[in-house]
Amino acid sequence: MIYADHAATSPLLPAARSAMEPWLEQFANPSSQYRAGLAARRAVEQARRQMAELLGCRPEELYFTSGGSEGNSWAIHNGALLGRERGRGLAVSAVEHHSLLRASAGASGLGIRTVCLPVDGTGRVLPDALAALPPPALVSVQYANNEVGTLQPVQALAEQAHRLGAVFHTDAVQAVGHVPVDLTGIDLLTASAHKFGGPKGVGFLYARRGIRLRPLIYGGSQEQGLRGGTESAALISGMAAALTWSMEHRETEARRLTALAQTFRATLQAGCSQVTFPGPEAGTGLPGLVSVTLPGLSAEQAVYRLDMAGSCVSAGAACDQRGRREPSHVLTAMGLDTEQAQRTLRISFGSSSQEGDGRALAEQVLSLLS
């Protein structure tokens with residue numbers, strides 16, 4: 001099998017599995033006061049310190065969540081409450097993940113208006129797009145796009161947001177562990193462990209010291225009283241181990257995955273000149289991620305036929321595979337028409353990819369087009 005859908009989820013790294021195993025047996029609640037519970041609490045806080053050091057922030061600025069969707073919802077929830085206090089709205093990019101766009105739409109129930117920032121043909125938000133807006137309470141722009149791999153000018157956007165008096169949030173779910181993430185100017189940041197080789201069901205929200213957070217999930221005193229729910233020492237330890245491995249191997253992995261993606265592109269182009277590649281130029285986006293529009297074949301058909309051939313790829317964002325068949329909002333925001341968007345595949349190489357996968361997968365795609 002060629003697994004080329006790492007942007008949807010990645011395999012659990014051996015380092016993460018090893019870190020989790022002791023806490024699958026030692027199951028005590030980290031909020032308990034007996035020795036087993038205190039040991040679990042130490043594991044949770046050690047993981048928090050370990051991750052903070054890797055990210056270049058303070059441990060108390062990291063709040064553990066269930067993953068990216070919760071982190072995005074929490075950030076938007078805070079922006080909406082802040083907007084209601086200040087009489088301001090929200091500004092988000094047109095290519096955000098559905099979890100953030102739907103949370104923003106839900107903020108309308110609080111009387112909060114959301115403005116979508118347009119993107120260029122590569123999916124990139126222009127910092128000047130903010131200048132013409134009424135000052136928002138919160139601006140949210142992805143660090144890296146989950147469908148085409150575009151990296152955003154996050155620091156420039158954060159600076160512009162701050163000039164308007166806004167809090168700046170970035171969904172860095174696809175970026176953390178894969179590209180250098182600079183927290184300069186960022187007030188809130190979302191990440192999810194399973195995107196960088198950790199377990200599913202855990203992530204974190206970074207909140208810069210001084211940013212006022214209001215709870216999204218109520219409960220006990222966990223996470224400084226701001227996120228109720230029993231912490232999982234196993235999941236959190238696995239996340240910290242995966243982040244450590246990913247950060248230590250980031251540069252070599254980026255070179256390896258970029259080479260696989262470039263081989264895939266070159267082989268496909270050599271065999272079919274009609275294929276096109278929406279998104280950033282080769283080698284400038286997320287390592288290993290390629291968006292490709294096929295001539296005369298729907299992405300849905302291609303996914304099915306490649307699956308039968310033993311390869312796993314995606315038609316657009318994996319989170320949007322259920323329900324109505326609609327073109328990707330990311331691709332249409334970039335200027336593709338409905339028919340082009342419905343013929344576009346996402347290929348994402350990652351930790352489980354092997355040498356030769358790029359060429360082999362391209363040849364499988366070419367066989368579908370012949």
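## Reading a predicted model, feature by feature

Author: Let's begin with Leu-13, which lies in the loop between strand S1 (2-3) and H1. Keep in mind as we go that this is a predicted model.

Reader: Thanks! Is Leu-13 buried or exposed?

Author: We judge that by relative accessible area, and buried means under 20%. Leu-13 has a relative accessible area of 7%, so it is buried.

Reader: Which residues does Leu-13 touch, leaving out those up to four places away in sequence?

Author: Leu-13 touches Phe-196, Gly-197, Ala-242, Trp-245, Ser-246 and Ser-351. Two of these names, Ala-242 and Ser-246, will come back when we list the buried residues of H8.

Reader: How many of the residues of H8 are buried?

Author: Here is a general idea to start with. An α-helix has 3.6 residues a turn, so residues three or four places apart point the same way. In H8, 12 of the 16 residues are buried, so the helix is largely enclosed by the rest of the structure. Among the buried ones are Ala-233, Ile-236, Met-239, Leu-243 and Ser-246.

Reader: What covers the buried residues of H8?

Author: The cover includes helix H1 (14-25), helix H2 (35-55), strand S2 (62-65), strand S8 (203-207) and helix H9 (250-271).

Reader: Are Glu-223 and Arg-48 buried or exposed?

Author: Both Glu-223 and Arg-48 are buried. They also belong to a network of salt bridges that links Arg-41, Glu-45, Arg-48, Glu-223 and Glu-231.

Reader: Which residue forms a salt bridge with Glu-70?

Author: Glu-70 pairs with Arg-227, and their closest N and O atoms are 2.7 Å apart. Glu-70 lies in helix H3 (residues 68-86) and Arg-227 in the loop between H7 and H8, so parts 157 residues apart in sequence are tied together. Both Glu-70 and Arg-227 are buried.

Reader: And where would I see a partly exposed partner?

Author: Look at Glu-61 and Arg-58, a salt bridge whose closest N and O atoms are 3.3 Å apart. Glu-61 is buried, with a relative accessible area of 3%, whereas Arg-58 is partly exposed at 34%.

Reader: Now the nonpolar residues. How many residues are in the largest nonpolar core?

Author: In soluble globular proteins, nonpolar side chains tend to be buried together. The largest nonpolar core here has 64 residues, and those with the most contacts inside it are Leu-117, Leu-130, Val-139, Phe-168, Leu-189 and Phe-204. H2 gives the most to this core, with 8 residues. A second, separate core of 26 residues includes Val-292, Leu-294, Phe-349 and Ala-362.

Reader: What is Phe-204 in contact with?

Author: Leaving aside neighbours within four places in sequence, its contacts include Met-51, Leu-55, Phe-64, Leu-189 and Met-239.

Reader: Strands next, please. In which sense do S3 and S4 pair, parallel or antiparallel?

Author: Strand S3 (residues 90-93) and S4 pair in the parallel sense over 4 bridges. The bridge partner of Ala-91 in S4 is Val-115, and that of Ser-93 is Leu-117.

Reader: Which face of S4 is covered?

Author: In strand S4 (residues 114-117), Val-115 and Leu-117 form the covered face, while Thr-114 and Cys-116 form the uncovered one. In S3 both faces are covered, with Leu-90 and Val-92 on one side and Ala-91 and Ser-93 on the other.

Terms used. Residues numbered from 1 in each chain as written. Predicted model: local features only at pLDDT ≥ 70, side-chain atom pairs only at ≥ 80, totals over all residues. Heavy atoms only, no water. Buried < 20%, exposed > 50% of the residue type's maximum accessible area, 1.4 Å probe, protein only. Helix = DSSP H or I, 4+ residues; strand = E, 2+ residues; numbered from the N terminus. Contact = heavy atoms within 4.5 Å. Salt bridge = Lys/Arg side-chain N within 4 Å of Asp/Glu carboxyl O. Core = buried A, V, L, I, M, F, W, Y, C linked by side-chain atoms within 4.5 Å. Pairing = 2+ DSSP bridges.
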